[in-house]
Amino acid sequence: MIFVFADFDSDVFRNFVDIRPEASVIGTALIRSRIQRNLYLPRVKPKRALYCDMLRNINVVIGYGEEDERILWGKLVRYMGGHVKKEPDGDSTFLVTKHARGRAFRMLVSLGQKVLLPSWLMDCWSNRDNLTFNPTENTLLLKHRIGVFESLKICIVGFEDDYADDIRSNISNFRGTIVEDPALATHVVVNGAYDVSELSLAHSQRIVTAEWVWTSISIQYCANEDAYTPAMKNFHLFTPGAAASRCCVLSTATNRLCKLKGTLKLFLVLLLVTF
């Protein structure tokens, strides 16, 4: 048995799927769309309510967001006939995320795929009854394309004021947030001549040169930070227990040296006794 609902945002629908989660449910938009295209209704899977098939043949990877947001995004993709991919691959169509970073982001960018803000999904959902709406139309994708520095907190260190202001202005223009305290930053942009030994950052924070900023703006995506890491001879990351680890290393080295001295003394005594 298939149940048909005119509105998936209604309390009636939500109560029904709570009570009958195994039921096969479709929306009226799916019926109208199939009639218009002279197609049979698709086979509806239990526990996979399908309001329309606007996102048919579209594979979406869900990226950074709050847990409840990510659950909602996944539901909307499936309600509109799309597929949610757990891992990015060559078949992925879009990444939906709030942050311009992460493994999935880096992989999708390298594959030349689009990275979109969740607002794209919301736009599609608000047009779910519009049979002429095209979710992959270029103007729409450009409207919801993730900003170059979307949700990144960036600190600028070691530059002359005019140049630093120029960097800050460009980062802000491309949706980045400027912070003054390096400890609050996701990224720290440093002058190549700056003594980075003054910085103590967590492993999750990235330290990059100004070229990272300009390249990112040029390619219109946050560039791979690994290619813009400055010389790190004096730089150290703060790691809990690092001091203890260094003490252990020194202690081990001292013990080995003491043992070596003891062995040498014993060897000399044996030589004297022998001769």
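**Helix packing and the sheet**

A: H3 and H5 are oblique to each other, the label for whatever is left once angles under 35 degrees count as roughly parallel, over 145 as roughly antiparallel and 65 to 115 as roughly perpendicular. Bear in mind that this is a predicted model: local features need pLDDT of at least 70, side-chain atom pairs count only at pLDDT 80 or more, and totals for chains, interfaces and linings use all residues. Residues are numbered from 1 along each chain as its sequence is written, and side-chain values use heavy atoms, with hydrogens and water left out.

Back to that pair: H3 covers residues 67–79 and H5 residues 118–126, and their axes come within 10 Å, crossing at roughly 40°. Axes are lines fitted to C-alpha atoms, for helices over the stretch in contact, with angles from 0 to 180 degrees between N-to-C directions; helices (H or I, at least four residues) and strands (E, at least two) are DSSP runs numbered from the N terminus. The H3–H5 crossing is left-handed (the near helix is turned anticlockwise from the far one by less than a right angle; clockwise would be right-handed). H3 brings Leu 72, Trp 73, Leu 76, Val 77 and Tyr 79 to the contact, and H5 brings Pro 118, Leu 121, Met 122 and Trp 125; contact means heavy atoms within 4.5 Å. By class that makes nine nonpolar, no polar and no charged residues (nonpolar: Ala, Val, Leu, Ile, Met, Phe, Trp, Tyr, Cys and Pro; charged: Asp, Glu, Lys and Arg; polar: the others, Gly among them).

Now the sheet. Four strands line up as E8-E7-E9-E11 in an open, parallel sheet. E8 (177–178) and E11 (206–209) sit at the edges, each pairing on one side only. E7 (residues 153–157) and E8 pair in the parallel sense over two bridges, where pairing takes at least two DSSP bridges between two strands. Helix H8 (residues 210–219) lies across E7, E9 (187–190) and E11, at about 80° to E11.

These two helices meet as well: the axes of H7 and H8 come within 11 Å and cross at roughly 35°, again in the left-handed sense. Tyr 163, Asp 166, Ile 167, Asn 170 and Ile 171 of H7 face Ala 210, Val 213, Trp 214 and Ile 217 of H8 in that contact, which splits into seven nonpolar, one polar and one charged residue.

Phe 149 is worth a stop. It lies in the loop between H6 (138–143) and E7 and is buried, at 0% relative accessible area (buried is under 20%, exposed over 50%, partly exposed in between; 1.4 Å probe, protein chains only). Leaving out residues up to four places away in sequence, Phe 149 touches Ile 154, Ile 171, Val 213 and Ile 217, among others. Its C-alpha is 7.7 Å from that of Tyr 221, 72 residues apart along the chain.

Finally, Arg 168 lies in H7. Neighbours within four places aside, Arg 168 is in contact with Ile 156, Ile 178 and Glu 180.
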